[in-house]
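Student: Could we go through this model term by term, setting each value against the definition behind it?

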Amino acid sequence: MRFYLKFFLHYLVLLGSNSGISTYGPHQRAQKTGDILLGGLFPIHFGVASKDQDLAARPESTECVRYNFRGFRWLQAMIFAIEEINNSSTLLPNITLGYRIFDTCNTVSKALEASLSFVAQNKIDSLNLDEFCNCTGNIPSTIAVVGASGSAVSTAVADLVGLFYIPQISYASSSRLLSNKNQYKSFMRTIPTDEYQAIAMAAIIDHFQWNWVIAIASDDEYGRPGIEKFENEMLQRDICIDLNVLISQYLDEAEIVRLADRIENSTAKVIVVFASGPDVEPLVKEMARRNVTDRVWLASEAWAISSLVAKPEYLDVMGGTIGFALRAGHIPGFKEFLQQVHPKKCSHNEFVREFWEETFNCYLEDSPRKEDSENGSTSFRPLCTGDEDISNVETPYLDYTHLRISYNVYVAVYAIAEALQDILTCTPGRGLFANGSCADIRKVEAWQVLKQLRHLKVQNSVGERVRFDEASELSANYTIINWHRSPEDGSVVFKEVGYYSIHGKKGAKLSIDKTKILWNGYLTEVPFSNCSEDCDPGTRKGIIDGMPTCCFECTECSDGEYSDHKDASVCTKCPNNSWSNGNHTSCFLKEIEFLSWSEPFGIALALFAVLGVLLTSFVMGVFVRFRNTPIVKASNRELSYLLLFSLICCFSSSLIFIGEPQDWTCRLRQPAFGISFVLCISCILVKTNRVLLVFEAKIPTSLHRKWWGLNLQFLLVFLFTFVQVMICVVWLYNAPPASYRNYDIDEIIFITCNEGSMMALGFLIGYTCLLAAVCFFFAFKSRKLPENFTEAKFITFSMLIFFIVWISFVPAYFSTYGKFVSAVEVIAILASSFSLLACIFFNKVYIILFKPSRNTIEEVRSSTAAHSFKAAAKATLRRSSASRKRSSSAGDSSGSSPSSSISLKTNGNEAATPSEHRRGQRPRVSFESGTVTLSLSFEEARKNSIKL
């Protein structure tokens, strides 16, 4: 490869030495000698003519076609900047800059052909071409290149000049691939990278709420990377691309027609084009022929103000186009310089002749194109007089109102001049080269200029900092333009409607004044370009199988979710304390529910609880008032007082379940209920069991008297209750109940108590039921005791009610929720409490208040004596039967049974005297304070049994 490169350069050197400088490289150029030479590459033509090379003869150079007036203006900007620097007394004094500028014809081949002239002299020494000829001084050394315009062309040039470390500053190549400093080491630019433009395009589409677009890009290093970045941005914003195609100015007409068919059949109304003017022109021409007017075009900066597309005849189709343009700069004196162009004054610029001919549609006298016209190969044109006035003709060349690319060229030339100025004014020891040395301005080489440019920091006239180090890129500041039709002459007017700044704050990078935008057809309403209709508030986007995410169906939000804006991707879940309204567009606060004091149900339960307290208090008052009557005494009045107190506590505990649950009420209510009920059941149990043992005791002993003393009865009640207290203490210590808000129910927040441990609650109720079961057992055994004493039947019935209530409570408790949980427990407490109160005390209160005749000693004696006679008879019969069995077994045993007596003294009284025993033909019952004494004689019964 190196051999071929040597040979090729040697050929070029020989060609230059034989024919002179003016003949080296492409024939047409702008050239001026100087101490230091700058190269330039500009698209004076839009392309080359298509021509088949059959190689039957030596291939000829392809002809450039379609004159580019804007490209010529860019070239003029470079010449103007160089002349301005040469005329400056402060910048590069005594140094003259020269230039060699070529036409790239917007193609890679022409650009490389020109670039070879730049690299020839720069590498002659390293290629050892002196053995072939003395080349010194024949080919000037180019120390920097300004150009090219298109990214594809600049990429090819950068690959070539980068081999020789010739700095290249592009004024219009924005491909993000050129940001790779490792691959393009000598490439720099005065235009922002397309990466920012792709972001800006996506931001505009998002701004107008479009989600269904067509993406078109040129098939080169400019279009492909730009549209790739654009696609990534669209993906992040959930915007879909319906059609994605690549175009070129060299596409066949049939391919253009097929592409136009696809665009016309697409439902997307927005067309994003990342291409240059020459590439997009054939498509625009076809769309204009079809008169497809219902599309919105979004143009990249490469064709947003292109004279190839921005034509009045295309405005019916292209009107309303939104485009990006670089920030315009100001070049003082440039307007006058452009107007001074004339073929006779610009002998160093060969492009002026063709410019003059294209501007005035004529041929100069010695023009080679005149011969083609005479031969009939081109259309006929008259001769140019040379007196034509350039200021009277409107062309893109004189459009200096918004200097964008021209200004970038101007900045690039001045950047090179500033780098040379730094080399000129360098102080030895402070230079950028080895040991702080400085380069010699008279013998400066390209790589030295490249080194100096990488450390250059300048600021242009619009306030942007221009740097060329490896990590820097020019700030992306774009002007957003809208294509309008001029009311005066119908030409295209680029109306500024906004801007985009990459360094703006979030949400403020893009600014568009919608009131200034005129869409195609002079419409002011933003066109619709979505795959599906917008979803109304209260709905969300639903995915359609097999379709892009932008194509969706509107699905109503679920209960408890809402969407308050159009096109919601997801429905937002309402907060825990809120619920969605009927149309799911907002949330309202949930209603808070608990067993309240103010609701009818809570009032009813509270009234029943208060009624229970009042009734129990009334019963206690009756018992206290009639405490010395036989009924009260026979009912063990001390335990009865305690029993009534516990019932008051039971009724009162139900009130804690009403009202908004707080942590302290949750921790108090279950222990209060459990301890109260255990105290109540314990009193009934001890009382019932005491009387049962007393009446069933055959021979009263001192053990009975001691065991069933009053103190021991209270001790047993205390012990039974203490167990329940310990259960509650352990519960409150390990898993204390707390207030809990239940958000699981729609539209309602139930404030309940989290019991902490259901096992502890089970122990509490289970222990209560265990005592109730034992009490039921003793009550059932004592059902045939004297009614005036214990009302055993009523106690049995009350225990049955108690069991029915609490057995029903368990499934009801676990099957209900919210405030009804507390209500179920309150009902259970009230029902069991009322059953105990009614069954145990109402009969006694009725006798005391309404049947005082039954509240006498005689009444109690008669009922007690009847029970005693029955018990004594049964005992006598059992003894007689046992005696006969012993007599018959002995054979000779005779005699009467000894006299028996039963003496029962519940409170330690002495047994009956013998005289009383002898008089005991009738039972005797006497009442003292809490004491019942029974004295019975069995003599008569014994005699009657013997007679039998």
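Tutor: Let us start with contact, which means heavy atoms within 4.5 Å. The model is a predicted one, in which local features need pLDDT of at least 70 and side-chain atom pairs count only at pLDDT 80 or more, whereas totals for chains, interfaces and linings use all residues. Residues are numbered from 1 along each chain as its sequence is written, and side-chain values use heavy atoms, with hydrogens and water left out.

Student: What does phenylalanine 794 touch, not counting residues up to four places away in sequence?

Tutor: Under that cut-off phenylalanine 794 touches Cys839 and Asn843. The C-alpha atoms of phenylalanine 794 and alanine 838 are separated by 8.8 Å, although the two residues are 44 apart along the chain. Phenylalanine 794 itself lies in helix H24 (residues 792-815), where helices (H or I, at least four residues) and strands (E, at least two) are DSSP runs, numbered from the N terminus.

Student: Why does phenylalanine 794 count as partly exposed?

Tutor: Buried means under 20% relative accessible area and exposed over 50%, with partly exposed in between (1.4 Å probe, protein chains only). Phenylalanine 794 has 38% relative accessibility, so it counts as partly exposed.

Student: Is serine 173 buried or exposed?

Tutor: Its relative accessible area is 0%, which is under 20%, and serine 173 is therefore buried. Serine 173 lies in the loop between strand S7 (168-170) and strand S8 (187-189), and its contacts, leaving aside neighbours within four places in sequence, include Ser149, Phe187 and Arg189.

Student: What makes the approach of the serine 173 side chain to the backbone oxygen of serine 149 a polar contact?

Tutor: A polar contact is a pair of N or O atoms within 3.5 Å; within protein, one must be able to donate a hydrogen and the other to accept it, and residues adjacent in sequence count only if both atoms are side-chain atoms. The side chain of serine 173 reaches that backbone oxygen at 2.9 Å, which is within the 3.5 Å limit.

Student: Why are S25 and S26 said to stand at the edges of their sheet?

Tutor: Two strands pair if DSSP finds at least two bridges between them. The open sheet has three strands in the order S25-S27-S26, with mixed pairing. Strand S25 (591-593) and strand S26 (738-742) each have a single partner strand, so one side of each is left without a neighbour in the sheet.

Student: How do you know that S26 and S27 pair?

Tutor: S26 and strand S27 (residues 748-754) share five bridges in the antiparallel sense, and the definition asks for at least two, so the two strands pair. Asparagine 742 stands opposite phenylalanine 750 in S27.

Student: What makes the 110 residues a nonpolar core?

Tutor: A nonpolar core is a set of buried Ala, Val, Leu, Ile, Met, Phe, Trp, Tyr and Cys residues joined through side-chain atoms within 4.5 Å. The largest such set has 110 residues, and those with the most contacts inside it are Phe42, Met78, Phe230 and Leu420. Helix H14 (residues 405-424) gives the most to this core, with 13 residues. Methionine 78 has Phe42, Tyr99 and Val413 among its contacts beyond four places in sequence. A second, separate core of 65 residues includes Phe673, Val686, Val717 and Ile848.
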